[in-house]
Amino acid sequence: MHLHRFFVASEWLQRDPITLGGEVSHQLSRVLRLKPGDEIELLDNSGAAWRAQLVEVSPRQCLAARLRLYYPDTEPPVPLILYQGLPSGRKLDLVLQKSTELGATKIVPVPASRSVQGERPEAGGARLKRWRRIVQEAAEQSGRARMPEVSDVVKLDRAIQDIGTGDLCLVGALDEGAVGIRDVLEGCKSPASVRLFVGPEGGFDDDELALLRSARVISVSLGSRVLRTETAGLAMLAVVAYALGEMSTKGADASP
Ligand code: SAH
């Protein structure tokens, strides 16, 4: 049975029975056509999850009884932050959705000098709202107990100010000086966080690469093929998640 999951306001979860309003009730009753007795999972982005059973279903309000509180083990051991060079059109939507599935903790769109904005600009607030909606749906679908944070666009010089001493910072780079990401990850012992930088379609320019180097961001190669910007960040996230042990059965003995 597929369990439908929803991030909701924590106040809703504090009431007894749990009282769901607005959009979620519409979704439950009209779109999913759930009925009293059906079970759902409710999350408040604190890391906790409530298994609950619907008691009353209507488009404006649903009531649910608490069944069980638990803490899904879905978050990476250290923050995993993706600084994505702002790509053209709506490619960032895909990056947001997939990086949520892959375990990113935070996604920061970085307008780079070679970023092209082909689409008609949306009002700033509407764009960020849409980005957060995509991440919320991906987190619900993939069973994450927390939604990754999505920030509004942040310039590169500001973004590198977040770097702390114990952080492992990597930028995907195509130049010959880049070290294989595998070698970097094999030599790295428990970083405080992992920060990944990816250029837009045209790559980062020399000034941006110099800025990243000055912040001790390591240039890494993902192999001999040129990946599209939306592929590169996701590939980096996947291999970093693997290196952090995220792709084993949690708690199981990993030895062969
Ligand atoms: N024409 C551009 C290609 C950019 S690809 C150029 O020559 O720079 C977009 C971004 O994806 C790059 O800035 C880099 O961060 C990343 N990327 C793509 N393929 C990569 C690879 N094989 N290794 C490392 N990073 C890569």
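## Basis of the description

The model is predicted: local features need pLDDT of at least 70, side-chain atom pairs count only at pLDDT 80 or more, and totals for chains, interfaces and linings use all residues. Residues are numbered from 1 along each chain as its sequence is written, and side-chain values use heavy atoms, with hydrogens and water left out.

Helices (H or I, at least four residues) and strands (E, at least two) are DSSP runs, numbered from the N terminus.

## The open sheet

Seven strands form an open sheet with parallel pairing, in the order β8-β7-β6-β11-β9-β12-β10. Two strands count as paired if DSSP finds at least two bridges between them. At the edges stand β8 (149–150) and β10 (179–180), each with a single partner strand, so one side of each lacks a neighbour in the sheet.

Strand β12 (residues 218–221) pairs with β9 in the parallel sense over three bridges. Within β12, Ser219 is the bridge partner of Val171, while Val220 stands opposite Gly172. Val220 also stands opposite Val179; β10 and β12 pair in the parallel sense over two bridges.

Helix α8 packs on this sheet, touching β6, β9, β11 and β12. The direction of α8 makes about 160 degrees with that of β11; axes are lines fitted to C-alpha atoms, for helices over the stretch in contact, and angles run from 0 to 180 degrees between N-to-C directions.

## Nonpolar cores

A nonpolar core is a set of buried Ala, Val, Leu, Ile, Met, Phe, Trp, Tyr and Cys residues joined through side-chain atoms within 4.5 Å. Buried means under 20% relative accessible area (1.4 Å probe, protein chains only). The largest core has 27 residues, and those with the most contacts inside it are Leu96, Trp131, Leu170, Val194, Leu196 and Met236. Elements giving two or more residues to this core include α3 (91–101), α4 (124–142), β9 (168–172) and α8 (229–243).

Leaving aside neighbours within four places in sequence, Leu96 is in contact (heavy atoms within 4.5 Å) with Ile107, Trp131, Ile134, Val135 and Val150. A second, separate core of 18 residues includes Ile81, Val108, Val110 and Ala159.

## Helix α2

In α2 (residues 22–31), Val24, Ser25, Leu28 and Ser29 are buried. Seen down the helix axis, the buried residues of α2 fall within an arc of 110 degrees, so they line one face; the arc is that of the directions from the helix axis to the C-beta atoms. These buried residues pack against elements including α1 (10–14), β3 (39–43) and β5 (62–70). Just after α2, Arg33 takes a positive phi of about 55 degrees.

How values were computed. Buried < 20%, exposed > 50% of the residue type's maximum accessible area, 1.4 Å probe, protein only.
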